[in-house]
Amino acid sequence: MDDDRARAHEATQEDLLRKLGGTTWSVQLGRRDATTASFDDAQSNLPSPSLDLSGGHTIGQVKCSIIRPRIYNETNIDSNFAASIKKNCPSTGGDTNLSPLDQTAGVFDNTYFKDLVNKKGLMHSDQQLFNGGSTDSQVNTYSQNSAKFFSDFGSAMIKMGNLSPLTGSKGEIRTNCRKTN
């Protein structure tokens, strides 16, 4: 039964990513997820959007309050792009207004990297990936080669899934990946 649950969990993730235009990857069966989560840990352990390196935001949106410092104060941003974002994100107020993380925020693709090359990274931490440093060549590669991005993304997901896996009676194999059994 555990292998059946793991296959269902894997299929759900692959189906969602495929619907968004993304890739698939093979994972080992039997991955166990935690039965509890900590809101406080999530708030304190996620990288800040103001850090000099995190990146990887190809799907979703971000609140105005998070991007305001970048679009109003930073110089490594395309001025037309910044002006277009400012229409939805005034210098004061509108903190919860949302802007797409890349130009195709509802699609899993390599547009995020193309945006970085064109100085259209929405968060400070994103644009730092293409700002005259050691990661510029990787961003260039991904912006020009979506197959390479998809392949490397799948490999990274497998590596992350194998970090400190729960074993034995710890955790559970989910029947629905969005909630505990």
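The structure is a predicted model, in which local features need pLDDT of at least 70 and side-chain atom pairs count only at pLDDT 80 or more, while totals for chains, interfaces and linings use all residues. Residues are numbered from 1 along each chain as its sequence is written, and side-chain values use heavy atoms, with hydrogens and water left out.

The chain contains 8 helices and 2 strands, where helices (H or I, at least four residues) and strands (E, at least two) are DSSP runs numbered from the N terminus. Along the sequence these elements follow the pattern α-α-β-α-α-β-α-α-α-α. Of the 181 residues of the chain, 30% count as buried; here buried means under 20% relative accessible area, exposed means over 50%, and partly exposed lies in between, with a 1.4 Å probe and protein chains only. Contacts, meaning heavy atoms within 4.5 Å, were also examined by their separation in sequence. Of the contacts in the chain with a separation of 6 or more, 68% are between residues 24 or more positions apart.

Annotated positions were considered next. In an unreviewed entry, UniProt lists Thr-58, Asp-102, Thr-104 and Asp-109 under the feature "binding site". These residues span 52 residues in sequence, yet no two of their C-alpha atoms are more than 9.8 Å apart, so they gather at one spot. UniProt, again in an unreviewed entry, also places the feature "binding site" at His-57. UniProt positions are given in the numbering used here, feature names are shortened, and annotations may be inferred rather than shown by experiment.

His-57 lies in the loop between α2 (39-45) and β1 (61-63), and Thr-58 is likewise found in the loop between α2 and β1. His-57 counts as partly exposed because its relative accessibility is 23%, whereas Thr-58, at 7% relative accessibility, counts as buried. When residues up to four places away in sequence are not counted, His-57 touches Leu-101, Asp-102, Tyr-112, Met-123 and Asp-126. With its neighbours within four places in sequence left aside, Thr-58 is in contact with Asp-102, Thr-104, Ala-105, Val-107, Phe-108, Asp-109 and Tyr-112.

Asp-102 is found in the loop between β2 and α5, and with a relative accessible area of 1% Asp-102 is buried. Residues up to four places away in sequence again being set aside, Asp-102 touches His-57, Thr-58, Asp-109, Thr-111, Tyr-112 and Asp-115. The side chains of Thr-58 and Asp-102 are joined by a polar contact of 3.4 Å. A polar contact is a pair of N or O atoms within 3.5 Å; within protein, one must be able to donate a hydrogen and the other to accept it, and residues adjacent in sequence count only if both atoms are side-chain atoms.

A disulfide, defined as a pair of cysteine sulfur atoms within 2.5 Å, joins Cys-64 to Cys-89 with an S to S distance of 1.8 Å. Cys-64 lies in helix α3 (residues 64-73) and Cys-89 in the loop between α4 (79-86) and β2 (98-100), so the pair ties together parts that are 25 residues apart in sequence. The link of Cys-64 and Cys-89 is right-handed, with 80 degrees about the S-S bond, and both Cys-64 and Cys-89 are buried.

Helix α8 (residues 146-161) has 16 residues, which at 1.5 Å a residue should span 22 Å, and its end C-alpha atoms are 22 Å apart, in agreement with this value; the expected span is 1.5 Å times one less than the number of residues. In α8, Phe-149, Phe-150 and Gly-154 are buried. These residues cover an arc of only 130 degrees around the axis, which puts them on the same side of α8, the arc being that of the directions from the helix axis to the C-beta atoms. Among the elements that cover the buried residues of α8 are α5 (111-117) and α7 (136-144). At the start of α8, a side-chain oxygen of Asn-145 reaches to within 3.2 Å of the backbone nitrogen of Ala-147.

Finally, Lys-119 has a phi near 60 degrees, a positive value in a residue other than glycine. Lys-119 is placed in the loop between α5 and α6 (124-127) and is partly exposed, with a relative accessible area of 42%. Ser-164, a residue other than glycine, has a positive phi near 45 degrees. Ser-164 is located in the segment after α8 and is exposed, with a relative accessible area of 71%.
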